[in-house]
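Dear colleague,

Please find the structure below, followed by a summary of what was found in it.

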Amino acid sequence: MSTVTDNLQSDIDEIMPGVIADRRYLHTIPEIGMELHDTAAYVLERLKAIGVEDIKTGIAVTGMTALVKGTKPGPDRVVMLRADMDALPILEETPVEFISTRPGAMHACGHDAHTAMLLGIARLLMDRRDQFSGTVKLLFQPCEEIPPGGAKFMIEEGVLEHPHVDAVFGMHVSSDTPVGEIRFRPGASSANSDRVLITVQGKGGHGAMPHESIDPVITAAHIAIALQTIVARNLDPVDSAVITVGKLAAGEANNVIPDTAEMKLTVRTFLPETRAMVKERIHTLATSVAAAFGATANVEYSEGYPSVINDVACTALVEAVAQEVCGPEHAVQEKAQMGGEDFSYFLQQRPGAFFYVGTRREENGIAWGHHHPRFDVNEDGLAYGIETMSRVAMRYLNDGV
Ligand SMILES: [Zn+2]
Ligand SMILES: [Zn+2]
């Protein structure tokens, strides 16, 4: 039974014009990567006006944290809410009045909306500090879009301590989810997204005298086929993974056996143990198959963002709140996605959940996807994100999970 009993709706109606104004202003000044100086300056000014406590700036270059402390007697938990603030290197084509003023940079993933929503949540929570105990830590993060990502650096700079954070929640707007719908998933909800470069070293020579060469083309071809046995023969059939050889390049001329061949792979897995198994098998197969042909293989495995693994109890809290806010039919458990998200680093350290907020905007039957030059956020969806996240935070602080 929730201890948060009042209706947030009238307060949300009151703050929405400010949230939309913040989002539109941020949309005009997109910045990329770690160097979000104008964005961070704007957020700082807004946080000061809202009156939150203990504002810390310059974390991982332009990241920030701030606190909203509840005054209700009760448990002393700390819940962290995260918004990412960075844009993408895209020339905007969305026909809006608040189009990017910086050609070649665009808020094409909706992080402007995430930042504006968290400022709205800060305002809402400041006004009802008497309704929760403990502390809400607000976290504004740079560089979600470019690995190794801002989350990792913010954790290294200690954002999960002082005060010690007990749980973390994040949300993302979704262009393929209707307004008024919240989507979530317990357990693994996005993929480990890794890249591999395999260089096969043979011995070049005349195409008509193969016995005097070591052919890296034939070797690489056998490696490519052998790699497909990992998913077929090593993976638990109820788990899933993808190994794609996206590039296999060698040689120039008809009659020359080249010296080397190069292979580039993308590897997607969900569970950490599957990722470790696949990584080990790729290395073993590539080097062993190469050795069998008298060649050598050098394997460079680059780990991208780990998969988002949502805590089951924290996801159940999101589900319960989303059912109240959106109605049971609009609180939807979704399938796992193959995309990447660096909120996963927070979830490696603390229990929590990451969920999706419907902001689908259709124009002539087309809803442009994230990272598209015509991507647009339907701002009508933002109130649902604000209410869900605010209620999740207060309920976690008062009642736990
Ligand atoms: Zn993105
Ligand atoms: Zn994003």
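A residue is called buried if 20 or more other C-beta atoms, placed from the backbone, lie within 10 Å of its own, exposed if 12 or fewer do, and partly exposed in between. In a regular strand the side chains alternate between the two faces of the sheet.

Please note that this is a predicted model, in which local features need pLDDT of at least 70, side-chain atom pairs count only at pLDDT 80 or more, and totals for chains, interfaces and linings use all residues. Residues are numbered from 1 along each chain as its sequence is written, while chains are lettered from A and ligands numbered from 1 in the order in which they are written.

Strand 16 covers residues 352-358, and seven of the seven are buried, so the strand is largely enclosed by the rest of the structure. Strands (E, at least two residues) and helices (H or I, at least four) are DSSP runs, numbered from the N terminus. Strand 5 (residues 167-174) pairs with strand 16 in the parallel sense over seven bridges; two strands count as paired if DSSP finds at least two bridges between them. Here H172 has Y356 as its bridge partner. Strand 6 (residues 182-184) pairs with strand 16 in the antiparallel sense, over two bridges, and I182 is partnered by V357.

An open sheet is formed by four strands in the order 10-12-8-13, with antiparallel pairing. Strand 10 (241-250) and strand 13 (296-302) are at the edges with a single partner strand each, so one side of each has no neighbour in the sheet. Strand 8 (residues 192-201) is joined to strand 13 by seven bridges, and I198 stands opposite V299. Helix 5 (residues 216-234) packs on the sheet, and its direction makes about 175° with that of strand 10. Helix 6 (residues 272-292) also packs on the sheet, at about 160° to the direction of strand 13. Such angles run from 0 to 180 degrees between N-to-C directions, and axes are lines fitted to C-alpha atoms, for helices over the stretch in contact.

**Helix 1 and helix 3**

The axes of helix 1 (residues 9-28) and helix 3 (residues 111-126) come within 8 Å and cross at roughly 145°.

Yours sincerely

Note on methods
Two residues are in contact if their C-beta atoms, placed from the backbone, lie within 7 Å.
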